[in-house]
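Visitor: Hi, I have just opened this one and would like someone to walk me through it. Could we take it piece by piece?

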Amino acid sequence: MALVDIKVPELSESVAEATLLTWKKRPGEAVKADEIVIEIETDKVVLEVPAPSAGVLSTILADDGASVTTAQVIAQIDTEATAGASAAAAPVVDGQVKSAPATSTSAAAAGGQAMPAAAKILADAGLPAGQVSGTGKDGRITKGDALAAVAAAAAAPAPAPAAPVALSSGVKVTPPSVVTNALPAVTVSTSAADLANRPEQRVPMSRLRARIAERLVQSQSTNAILTTFNEVNMAPLMDMRKRFQEKFEKEHGVKLGFMSFFVKAAVHALKKFPVLNASVDGNDIVYHGYFDIGIAVGSPRGLVVPIIRNADQLSFADIEKKIAEFGQKAKDGKLGIEELTGGTFSISNGGTFGSMLSTPIINPPQSAILGVHATKDRAVVENGQVVVRPINYLAMSYDHRIIDGREAVLGLVAMKEALEDPARLLFEL
């Protein structure tokens, strides 16, 4: 027997530990070299762990949901065994012998590959991924698919109660009913009728969601957050985009969206008012001479903020390509830690979901964030006349400890002017 260890990959300095998601192989099953055998969730990204060599998965040392650290041995591969030869052997998990499961709730079941968040939901609910239809890319099961499957299982009619069994003493005993839905048992009120058709499910937070909660509370408790608003007439920008959209896509292979203009307008304002691009470190203000813009992106695991590095040096096409790349990686759970680290200013686009107005929360240690919303036709007054214009409400939250109202308001006005007259971005006016 020649055993090779499967270890937790190197985590970033800011990540103390991670959580194992769902093993894609069970003891006794063959694995290929570089085949993904487990995914590990940190508070920032999901890491894929490949098999270091081909062979048979011999032992799993840390089960699904276990907390692990850098370089920890979580399983072993027997490079000389053949598949099935050791299947009868019970795997050792956390130092205890466990029976091999009769069925696998692996995310890689026949029904398609489940995204990490979806895999956890299905595993917690006891639903095999093979019974769930995926609507994601390549038939992948998304978080929405998993939640829908759990809800459908919960709504399924309960089986008729088993008939009472008469014992020799004459006492009748009703056998326990077989649980057919995916919801965990909950304590039922004495007034069961009041709780009919009102199921509940308790699901632990993922590491990412717990980290998001921690950072948002930290931001609210440490920053003196204030928000300033302004409205933007998007007509000039929409006309320019419509005029060059086809040629732009043909030339650069990517669509011309609005986000690249918002990034450029933000950089334009940050250059004029550097404190908006600064951060607080103790009693010091750190002014950054570079412009790393975070773009908030929704993913199946939750909100992530990948960073566009040196946005001031990128063209509109470069920015659009980066945004498209980040969006796809977020959907597939492929964003790396280095892509989520740092940033000097952030942009959150709630308009993609139809938001009219919001007060975004600063992403620490940054000191300001721009909130973009849905563009809608609204009645406005121009030269004493009421006219209809496509209006977008911008909101910029800032840390009042280092940013005064003057800089915040003028910074947002600079963004407004750049968006209403895009030529300013070309001439840096």
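Predicted model: local features only at pLDDT ≥ 70, side-chain atom pairs only at ≥ 80, totals over all residues.

Visitor: Okay, and which residue does Glu325 form a salt bridge with?

Guide: Glu325 pairs with Lys329 in a salt bridge, and the closest N and O atoms of the two are 3.2 Å apart. Both residues belong to helix α6, where they are four residues apart, or about one turn of the helix. Lys329 is partly exposed, at a relative accessible area of 25%.

Visitor: How many salt bridges does the structure hold?

Guide: There are 11 salt bridges in the structure. One of them joins Arg424 and Glu417, with 3.9 Å between the closest N and O atoms. Arg424 counts as partly exposed at 26% relative accessibility, and Glu417 also counts as partly exposed, at 34%. Elsewhere, salt bridges with shared partners connect Lys322, Glu325, Lys329 and Glu339 in one network.

Visitor: What about Asp399, is it buried or exposed?

Guide: Asp399 is buried, its relative accessible area being 0%. Asp399 forms a salt bridge with Arg401, whose closest approach, taken between N and O atoms, is 2.7 Å. Arg401 is partly exposed, with 46% relative accessibility, whereas Asp399 is buried.

Visitor: Switching topic, how many aromatic pairs does a search of the whole structure find?

Guide: The search of the whole structure turns up one aromatic pair. The partners are Phe261 and Phe316, in a tilted arrangement with 4.8 Å from centre to centre and 50° between the planes. This pair links distant parts of the chain, since Phe261 is in helix α5 (residues 259-272) and Phe316 is in helix α6 (residues 316-332), 55 residues apart.

Visitor: Now the strands: what is the order in the open sheet of four strands?

Guide: The order in this open sheet is β1-β8-β6-β3, and the pairing is antiparallel. Because β1 (3-7) and β3 (30-31) are at the edges and have a single partner strand each, one side of each is left without a neighbour in the sheet.

Visitor: So over how many bridges do β1 and β8 pair?

Guide: β1 and β8, the strand of residues 73-78, pair over five bridges in the antiparallel sense. Within this part of the sheet, Ile6 stands opposite Ala75 in β8. As background, strands of a sheet pair through backbone hydrogen bonds, and the pairing may be parallel or antiparallel.

Technical notes
Residues numbered from 1 in each chain as written. Heavy atoms only, no water. Pairing = 2+ DSSP bridges. Helix = DSSP H or I, 4+ residues; strand = E, 2+ residues; numbered from the N terminus. Phe/Tyr/Trp six-rings, centres within 6.5 Å; stacked < 30°, edge-to-face > 60°. Salt bridge = Lys/Arg side-chain N within 4 Å of Asp/Glu carboxyl O. Buried < 20%, exposed > 50% of the residue type's maximum accessible area, 1.4 Å probe, protein only.
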